[in-house]
Amino acid sequence: MAKLSQINTVKQVNENQCQSCMPLGGVVAFKGIENTMVLVHGSQGCSTYMRLMNVEHYNEPVDIASSALNEKQTIHGGEANLKKALDNVSRVYAPKVIGVLTTCLAETMGEDMDRILRDYRKERVTSGIDIIQVPTPSYGGSHTEGFWAATKAIIAYYARPTEEHKQINIIIPHISPADIREIKRIFDLFGLTYTLLPDYSMTLDRPYGGRYQKIPPGGTQTQDIARMSGARATIQFGLTCPDNLSPGLLLNQEYGVPLYNLPLPIGLQNMDRLVETLEKLSGRSLPDVIRQERGWLLDGMADSHKFNADGRPIVYGEPELVYAFSSICVENGAAPVVIASGTRNSLLMGLLGTLLADVDEHPVVLEETDFAAIDDAGVLTGANIAIGHSGGKFLTERRGIPLVRVGFPIHDRTGGQRVLSAGYTGTLAFLDRFTNALLETKYESYRELRKEEMGIKEGV
Amino acid sequence: MEDLCTLQPVGPTACIDEREQSIITTGRSKTSIACTNDSLAGAVSQRACVFCGARVVLNPITDAVHLVHGPIGCATYTWDIRGSLSSGSEMYRNSFSTDMKERDVIFGGEKKLAACIDEIVEKYHPPAIFVYATCVTGMIGDDIIAVSKEASNRHGIDVIPVESSGFISGNKIIGYRAAAEALIRLIRPKEGETIVPTQKLNLLGEYNLGGETWLIERYLTEIGVEINVAFTGDSTVAKLKKAPGACLNLVQCTGSMHWVARKLEQTFGTPYIDVNFFGAANTAESLRKIARFYGDEEMERRTEALIVREMARIRPEIEWYRKKLTGKRAAIYVGGAYKALAIIQQFRRLGMDIVMTGTQTGKKEDYENISHLLEPGTIIIDDANPAELEKFLIEKQVDVMAGGIKERVLAYKLGIGFVDHNHDRKECLAGFEGAVTFSREVYITTCSPVWKYLKAPDKEV
């Protein structure tokens, strides 16, 4: 294990949050299932906040229903409201699936969700709607855990012993619709058939045109999820996914589906690992198109390596993305000086140890942290660029550190849903954004800086 | 009403029976609108919660710390949520949370709250800390009043509890009230303190979005009146404490501030009048009202001079936009009624037809005022949801909508223009120049070339 210098974050107060709350991640996962509506059991505000954050990032209508508990129901139980909410959602949206996520409030009230939903199913036998329940209190974890928990719950709900078949399961963490589409393209090029879960590449990034539908078309089909138990393998991009939340591990332990738990294919070596796995599974060698793309990436890495050597990045956000983007930085000679996540995740620490074994300078690593600590660490280490979601905007505003926006949420720029970083192509696209951010700062300031350093006065 | 449930022959219906009373058609509906109720479960209301209501009112106080006592989400979602500008401290743009975890929920969060306050005081020495209750802390019964009081004594600063547990209601208005009580607690003079009376006025319900408070201040300075403090745009704790020294309170955002104005009148005897600085006509009328209150002839003369000059300045521009926009069909869905009223008038001024209006928090009398302004056959909705908005945006063949972020994405998906009139907007829409900016905002979206391409028949791919 490398010697990682760490800032001690024993403070109690969280100042400028680096993570969102657990049900939000659950919402995104459910939005990746065909014909699904989401219902949040709690007070009205939770659903509205989560809609707002998703809307600002995806630039799509993201409808989320609420059981809209008030004071009386909070004291006497929210069963009637929850059932009424299910009725109304069924009526207006006619979904095939309703994902029911709890909140702090429902969990603190001690709502017996299993019992309430069992009764509801009995009372409405004819509805034929699948109701999938996931406990997601905000105090139980961040949106990262909420995403994994919901994805696992969806598989647990549908998976049954089934005949073995040739398809591959792909399980993704919370990435952009553009990245999902790129991953699917890569699998297609290897001639593999697959079920990708949760597939919100169309539902949270729908093309314009046609008649508006309240539930956008697309998403993983439930009959395909039911067959994931018979797949020849699961590829899960979830190195940092804890075992107790791991959808791939569930399929492995319950149904014996071999699990390839890989890093996201962001970064040269990470994408190489995916390619090796796909060569093995498909029996085909690297398709020419992807070989070319790899070549373009290598070419780009050479072109910009000297610029990148000036980079002292802060990488923050969800653990899986933090690992992937830290990898790109290390590969390109811009080793991160601060690595941070709002989520507590000891798996990330172990992975970083290996990744950073050979770097010249060990970064400050922060877990379960906030932007006040990230800011302190950035100043301490002389960071000059940041990689992460819009929460880092103050690094630019207050410290002049440029921010390369990736992850979720991106609410102060457009196109959060289209940010591409996966595959060799996405890696190169990211690398160009990163290098250009460094160059922009450099060209803006190097003349003045040099004059200052040399004490050169105007006209002298 | 009569055509409410006759939507689309196939697929789901937009209509929930229990919502019928909250949607009326002017000139046709016999009953008055059902409003101010809790949102219906499962209806996908556009409303937020009590905590949100409280935070949006208090957050623009620039040098205060806003500490959310609860699990992380509530703080994350309301971090730097408003477009309010500051002339000084940027403290309000930070979001502090006690970040309660499972163990805190089980064992109680009071100790953690006290520790968080201590840390904040040590690091920043703020003049005041607002401590917001959330669902969980309300539910487990954390005594934020006692913790705040002790912390206040310990540190000699104002630590003010805001009783904003989300589950109290889905209606933001209740949160406005929680904020109002916190404000009154802050400005009530301590024993032995006296506030010197002045000829200045307070501007209540003005949040300095896009520097709007500064613009209004410029007008008032010109006519010879000074602002004592605005509630709460670009205010500071010290300035707010001087609020009782004003001789008049102006109330703009009525939803959030009428209660405060009445309380200030009861406690300090300060009278209040309603004003509205959205739209040129409203701005002129508001300035006249203020001048009349002071009963100073010279001030009234200066006011008229200002109005004549500004009206003359903006008229050609407004007329240019009016020509482009006449006959376009507009929809409005906003948080508060005063905003809806102002937007109706401005759309009218631009020659546009209003075909739908709605609010999240309007009251019966608000809706009556709105109805009087509208042509027969206009849809009015209280506490709308996306399905209803979609239905009427399509049916009424709307060209442009004014509203907030959640409505924007729906409008765009339906190929409809959109004007942001929400609490995080960046544009100044108040006063005379705001009327021009508003017209431009309407024009650039309603008449954008992109719709031509979006509305062309789908290409076969």
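Domain bounds here come from an automatic or database domain assignment. For chain A that gives three stretches: domain 1 (22–158), domain 2 (168–282) and domain 3 (295–448).

Before going further, a word on conventions. This is a predicted model, where local features need pLDDT of at least 70, side-chain atom pairs count only at pLDDT 80 or more, and totals for chains, interfaces and linings use all residues. Residues are numbered from 1 along each chain as its sequence is written, while chains are lettered from A and ligands numbered from 1 in the order in which they are written.

**Confidence**

The complex gets an ipTM of 0.94 and a pTM of 0.95 from the predictor. Chain B has a mean pLDDT (the predictor's confidence in each residue, from 0 to 100) of 92, with 96% of its residues at 70 or more. Residues 1–13 of chain B fall below 50, though in the model this stretch still has 21 contacts beyond near neighbours in sequence; a contact means C-beta atoms, placed from the backbone, within 7 Å. Where pLDDT is low, the predicted coordinates should not be read in detail.

**Chain A on its own**

Chain A holds 17 helices and 14 strands, counted as DSSP runs numbered from the N terminus (H or I, at least four residues, for helices; E, at least two, for strands). Its C-alpha trace spans about 85 × 55 × 50 Å along the principal axes. Of its 460 residues, 58% are buried, that is, have 20 or more other C-beta atoms within 10 Å of their own, with C-beta atoms placed from the backbone. Among contacts with a separation of 6 or more in chain A, 74% join residues 24 or more positions apart.

The centres of domain 1 and domain 3 of chain A, over C-alpha atoms, are 34 Å apart. Their contact takes seven residues from domain 1 and 11 residues from domain 3. Helix 2 (residues 44–58) of chain A supplies the largest share of the domain 1 side, four residues.

**Where the chains meet**

The contact between the chains takes 61 residues from chain B and 55 residues from chain A. Here is how two contact sides divide, with Ala, Val, Leu, Ile, Met, Phe, Trp, Tyr, Cys and Pro as nonpolar, Asp, Glu, Lys and Arg as charged, and the others, Gly among them, as polar.

| Side | Nonpolar | Polar | Charged |
|---|---|---|---|
| Domain 1 of chain A, touching domain 3 of chain A | two residues | four residues | one residue |

Strand 1 (residues 14–15) of chain A pairs with strand 3 of chain B in the antiparallel sense over two bridges; pairing needs at least two DSSP bridges. There, Asn14(A) stands opposite Ser97(B).

Key. Two residues are in contact if their C-beta atoms, placed from the backbone, lie within 7 Å. A residue is buried if 20 or more other C-beta atoms lie within 10 Å of its own, exposed if 12 or fewer, and partly exposed in between; C-beta atoms are placed from the backbone.
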